[in-house]
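Please look through the sequence and the structure below before reading on. The briefing that comes after them is meant to be read with both in view.

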Amino acid sequence: MNSVPATDQYLGIEPLRPWAVTRSTNLKNFSRSIVFGLVAFLVTIMTPLANIDGWAVAFLLINVAWVVGRTSRLGVKERRDAVLRLVFTSLAVLAFVPWLSIFLTVLLKGYRAIYPGYFFSDMRTSTPEDEFNIGGAGHAIIGSLIMVAIATVITLPLGILSGIYLTEVRGRMTFLVRFIVQSMAGVPSVVAGLFIFTTIVQPMGKYSGMAGGLALAVLMLPTVSRTAEEVLKLVPDDLRSAGYALGARQWRTAIMVVLPTVKSGLITAGILGVARVIGETAPLLLTSLNTNGFVWNPVGGTVASLPTYIFSMFMYGTEYSTSRAWTGSLVLLALVFGFFVLARRLSTTAVQNAKTDSRKARKLKKKS
Amino acid sequence: MKSTPTPRQMVVVYSRADKIFRRIVTAGALTSLMLLGLIAAFLIFRSSATFREFGINFITGSEWFSAGEDPLGGATTALVEAEDASVFSIGPMIVGSVVVALIAMFIALPLSMGGALYIEFYAPKGIHRILVSILDLAAAVPSLIFGLWGIQIFTPFGVRWATFLNDRLGFLPIFSVEFENFARSPFVAGCVLAALVVPITTSVAREVYSRTPRDLIDTCFALGGTKWGAIRSVVIPYGKSGVIAGAMLGLGRALGETVAIYLMLNLVFDYSNQILDSAGGNVASMIALKFGEATDKEISALIAAGLVLFVITLIVNMIASSIVQRSTPRA
């Protein structure tokens, strides 16, 4: 109530906002949903509709009936509008329910096998069926990180170069490069695995972490170069012009003005690429397989990784091994989300920096 | 009368350092072009033996038999002699891939269009922001986790829906079954695939819808239109090509999905038009399934299967990205 400052100019007249949803309406809507939910529950018990999906259907039907009844005195147009609002809302709920369910499942099933040693020990001395206080996924986490690091070292420079090509150099093949990069984003992961299998694994005669990293790099490149391009597009042209006006050549402007401006944005591109590939399973099944122990040498043979660890634990099929698989999923999901949040934080600051920089420049221009 | 002077030609002369810089950057950009070419070249090279032996039958036939592997364990001389008896063809797998992907898109498209419209036009501001960031996160969930979730959580639901469809619509050939075992059927796998594709298509659709010119929508309201009126007459036509492109991207993803399908689908080498039956096909997961114990000859056949999959998804994705490039104004 105290949101309006009592000043002399302001005579206590609040602007009317007749469209605003009042608290009592909110309360009414909320209590109505609860009542409808209970009715739907009764319907579910008494009719063949069963379980939570049956309840959802009943709930939706009751709501539709209520909306139709409420708008019966209005025109056809209004009624259609109200019903479709309900339809869109329920479609949105339906679209997000699987995600919510996955998230909760991973949390609830995954926390059981977690203990500090899970992150530091491997499966050499324990079987998948052991109690949860022996063995862990440390080797898989390390393996995943090594392979992802290999992929990043390869793709980050290439992605940034193609981003610079698309925004700075703008050669004759700009259209083609953009088109191919976009199409490459759809290369099936198993095909990337097959490609590395035929080019690296077969000639070398053994599976290796290097091969896995290269397979991930194939999948990571499109994401990185696309994000790098988007980020480089954000650099205001003022900065480039300023560079040229100071007598810098194109390469100096690109390397010393444009790239430093979007440094964190380019890091974001790398992180998004990592988040994209760290959960890839199919290519690793064809290139790096799985082992039970720590492997630090990326060319020394098979390497475990989180996805293949989860996969093999799940295929083992006992209660304990399945639990371990869920815990692995929890770690994997946490890694993906961690990378994502990091990328988002970095990218927002990057955009803000670029904007404030150009704003500062404009202010300086005005002053002088 | 004097003619107007022609405008002066602008000539850009790059210094030597600039030329080197441009060449390095161009080389970097061309690497991704070359990579795509290399993938295609190596797949063609390594699968040529299979294509030479089976020709078009590899795509149309429906038999996969590797003579080197002994069903009873332990290779016998008879089997080694019968090496030439192996037959490889992936017809049912291609059809199965398309069927599962189409089921997924059939479910995912209404969900993602409705979801995107809700997020852009109906959701309150706070919910809008939360949903947009959840969408990004959901698109990053690895498909392996979708597979685990599908098997352990979703399958009972999917089986119940399949039973329902079979009860009510069983007289239609595609909803009929031979055995009433609905788990690991194309329908249930397609539902999980739909859950996997929805975040991708929704976020594309949402972005397209958010770019609808605001004044056109306001014009609708000013003329006395309802929200649905504005959506039907402005938003949906405006975003049509973008949404189609998003759907194609989703379709490409659904066609190439490996692990989730591997876990969710019972692979059977036979044509079937019953989507509720516990038998289906999928090229990508077949590759993963057969790869472990493959003979040299079989590996060549698997690579040929990978090539087919690669070509199909590449065509789908190229259509998608050409639509995207045509619909976004070039800067």
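Predicted model: local features only at pLDDT ≥ 70, side-chain atom pairs only at ≥ 80, totals over all residues.

**Confidence in chain B**

- Chain B has an average pLDDT of 87, and 93% of the residues score at least 70.
- Within chain B, confidence is highest in helix H4 (residues 91-122), with a mean of 94, whereas it is lowest in helix H3 (residues 77-81), where the mean is 50.

**Where chains A and B touch**

- On one side of the contact there are 70 residues of chain A, and on the other there are 69 residues of chain B.
- Helix H3 (residues 76-110) of chain A supplies the largest share of chain A's side, namely 20 residues.
- Sorted by class, the side of chain A that touches chain B consists of 46 nonpolar, 16 polar and eight charged residues.

**A helix pair across the two chains**

- Helix H5 (residues 174-184) of chain A and helix H1 (residues 16-54) of chain B have axes that come within 9 Å and cross at roughly 50 degrees.
- From H5(A), the residues Leu176(A), Val177(A), Ile180(A), Val181(A) and Met184(A) meet Ala29(B), Ser32(B), Leu33(B) and Leu36(B) of H1(B).
- By class, this contact of H5(A) with H1(B) includes eight nonpolar residues and one polar residue, but no charged ones.

**Leu158(A), a buried residue**

- Leu158(A) belongs to helix H4 (residues 138-169) of chain A, and it is buried because 21 other C-beta atoms lie within 10 Å, where 20 or more are needed.
- Leaving aside residues up to four places away in sequence, Leu158(A) touches Leu221(A) in its own chain, and Gly28(B), Thr31(B) and Ser32(B) in chain B.
- Although Leu158(A) and Thr227(A) are 69 residues apart along the chain, their C-alpha atoms are separated by 12 Å.

**Two positive phi angles in loops of chain A**

- Arg170(A), which is not a glycine, has a positive phi of about 45 degrees, and its place is in the loop between H4 and H5 of chain A.
- Arg170(A) counts as exposed because it has 11 C-beta neighbours inside 10 Å, and the limit for exposed residues is 12 or fewer.
- Leu289(A), also not a glycine, has a positive phi of about 50 degrees, and this residue lies in the loop between helix H11 (282-287) and helix H12 (306-316) of chain A.
- Leu289(A) counts as buried, because it has 21 C-beta neighbours inside 10 Å.

Technical notes
Residues numbered from 1 in each chain as written. Chains lettered and ligands numbered in written order. Contact = placed C-beta atoms within 7 Å. Helix = DSSP H or I, 4+ residues; strand = E, 2+ residues; numbered from the N terminus. Nonpolar A, V, L, I, M, F, W, Y, C, P; charged D, E, K, R; others polar. Axes fitted to C-alpha atoms, helices over the stretch in contact; angles between N-to-C directions. pLDDT = per-residue confidence, 0-100.
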